[in-house]
Amino acid sequence: MAFPYGATAQEKVHIAVASSLRAPVDAIIAEFEQQFPNYDVTVAYVASGKLVAQVVHGAPYALLISAEPHYLEALYQRQLIQAKPVLLGFGELVLWHPRQHGDVAALIAAADHVALAQPSHAPYGQAAMGYLREQLAAEHYASKLVYGENVAQAAHRVHVGAAEIGFVALSQIIEMQVPQSDYTRLASAPLLPQAIALTAHAGQHRGAQLLYDFMLADGSQQTLVAYGYAATK
């Protein structure tokens, strides 16, 4: 794909991205900066709901990627992004259970603590709560839940042993090279649509438009698929 944009001097591009997308976005940005060295991309990785709150309060991000489109649609209604968000891919919720085996109900029954992202502002946390409510009675899990600010923190709780098991993103599992025996894909959990948008601040930043196009290009889509995301086409 050819990109018509260029730059004559170093330009910083500030973006905010859902924390679940850290691994593929880091890889895509590294490729972007290699191909277009006149641009320097700075990324803030936050929960999708926090991302929106920061933009509403004036954070100068030029590009946003959320793990749930409705957060960006809310910004569009407030005229804080240039156009309706565009789907980037679909994420997958999984249960990470290091060195433990069994079905999901048995794993939760055996655990003292179950980690998940904060459902009030993190799409993976919302998906995890939806899955639990659909699959189990509340008395089997409610007292065991421990929350991370975002899905990255939920994974960290499992990694350091603060929770025996946790609901995380498949992309994190792939990044950490977790053995297949240590996580379970949840067939009944819906995929999470990931969306991208340019903010009102992007109008003065050619690099933001360039990065937006780069994120949607075939090469970046292949990177997302390599990290466990389902493609949009």
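Which residues do ring pairs link into a cluster? Ring pairs join F32, F36, Y39 and F214. The views below show a predicted model, in which local features need pLDDT of at least 70, side-chain atom pairs count only at pLDDT 80 or more, and totals for chains, interfaces and linings use all residues. Residues are numbered from 1 along each chain as its sequence is written, and side-chain values use heavy atoms, with hydrogens and water left out.

**View 1. The F32 and F36 ring pair.** The structure holds 5 aromatic pairs. Rings of Phe, Tyr and Trp (its six-membered ring) pair if their centres lie within 6.5 Å; planes under 30 degrees apart count as stacked, over 60 as edge-to-face and the rest as tilted. F32 and F36 form a tilted pair, 5.4 Å centre to centre with 40° between the planes. F32 is buried at a relative accessible area of 0%. F36 is buried too, at 16%. Buried means under 20% relative accessible area, exposed over 50%, partly exposed in between (1.4 Å probe, protein chains only).

**View 2. The Y131 and F167 ring pair.** These two rings are tilted, 6.0 Å centre to centre, with 55° between the planes. Y131 sits in helix α5 (residues 123-135) and F167 in strand β8 (residues 165-169), so the pair ties together parts 36 residues apart in sequence. Helices (H or I, at least four residues) and strands (E, at least two) are DSSP runs, numbered from the N terminus. Y131 is buried, with a relative accessible area of 10%. F167 is buried at 0%.

**View 3. Strand β1 and its partners.** In β1 (residues 11-18), 6 of the 8 residues are buried, so the strand is largely enclosed by the rest of the structure. Two strands pair if DSSP finds at least two bridges between them. β1 runs parallel to β2 (residues 39-46) over 8 bridges. V13 has V41 as its bridge partner in β2. From β1 the chain crosses through α1 to β2, a right-handed β-α-β crossover. Right-handed means that, with the strands pointing away from the viewer, the path from the first strand over the helix to the second runs clockwise. β1 also pairs in the parallel sense with β3 (residues 63-66), over 3 bridges. There, I15 stands opposite L63.

**View 4. The two sides of helix α9.** S220, Q221 and L224 are buried in α9 (residues 218-226). Seen down the helix axis, the buried residues fall within an arc of 105°, so they line one face. The arc is that of the directions from the helix axis to the C-beta atoms. The face turned away from the buried side carries the exposed D218, Q222 and A226. Just after α9, G228 takes a positive phi of about 95°.
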